[in-house]
Amino acid sequence: MKKILLICLVLAAACSQTKKEDTKGLKDQVMEVHDAVMPKMGELRMTEKQLLAMADSVAGDTTAAARYRELAVAVSSANKSMMTWMHGFDPDFAGSEEEVKAYLEGQLKEIEEVKRLMLSSLEEGQKALN
């Protein structure tokens, strides 16, 4: 009977460790996505300024100026989405293993969307400038 109890305790400890490793892996994924696009924030701000300057320089062509301003708004919005995500992310989120896993899965989806917005708006903005 003692052996069975010991085996159950060892298995429970192993399962708990695996869950902690799973959540650590998820947190690492979230941070990898963040770290990959965080350096783009400076590029976003520079691109936004260039787009606004270009809109001012072609003010006589209202269609072109509107397009540059539209792209500048998209770039700015992508930059703000990263700031919003960073302010809302809790790297020390506490709860049950299931709650932590669900939180990190949600955060991974959010930061992947932020990444998509940042990269696509940056690409479109830079394409318009070239």
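**Exercise 1. In which helix is the place of alanine 65?**

Solution. Alanine 65 has its place in helix H3. Helices here are DSSP runs of H or I with at least four residues, strands are E runs of at least two, and both are numbered from the N terminus. The model is predicted, so local features need pLDDT of at least 70 and side-chain atom pairs count only at pLDDT 80 or more, whereas totals for chains, interfaces and linings use all residues. Residues are numbered from 1 along each chain as its sequence is written, and side-chain values use heavy atoms, with hydrogens and water left out.

**Exercise 2. State whether alanine 65 is buried or exposed, and identify what it touches.**

Solution. Step one: buried means under 20% relative accessible area, exposed means over 50%, and partly exposed lies in between (1.4 Å probe, protein chains only). Alanine 65 has 8% relative accessibility and therefore counts as buried. Step two: contact means heavy atoms within 4.5 Å. Leaving aside residues up to four places away in sequence, alanine 65 touches Ala55, Val58 and Ala59. Step three: methionine 54 is eleven residues from alanine 65 along the chain, and their C-alpha atoms are separated by 7.4 Å.

**Exercise 3. Describe the secondary structure and the overall burial of the chain.**

Solution. The chain has four helices and zero strands, which gives the order α-α-α-α from the N terminus on. Of its 130 residues, 26% count as buried. Among contacts with a separation of 6 or more, 78% join residues 24 or more positions apart.

**Exercise 4. Determine how H2 and H3 are oriented and which residues join them.**

Solution. Step one: axes are lines fitted to C-alpha atoms, for helices over the stretch in contact, and angles between N-to-C directions run from 0 to 180 degrees. Helix H2 (residues 40–57) packs against helix H3 (residues 62–88) at about 160 degrees, with the axes 8 Å apart. Step two: angles under 35 degrees count as roughly parallel, over 145 as roughly antiparallel, 65 to 115 as roughly perpendicular, and the rest as oblique. H2 and H3 are therefore roughly antiparallel. Step three: the residues in contact include Leu44, Leu51 and Ala55 of H2, and Ala65, Leu71 and Val75 of H3. By class, this contact has 14 nonpolar, three polar and four charged residues. Ala, Val, Leu, Ile, Met, Phe, Trp, Tyr, Cys and Pro count as nonpolar, Asp, Glu, Lys and Arg as charged, and the others, Gly among them, as polar.
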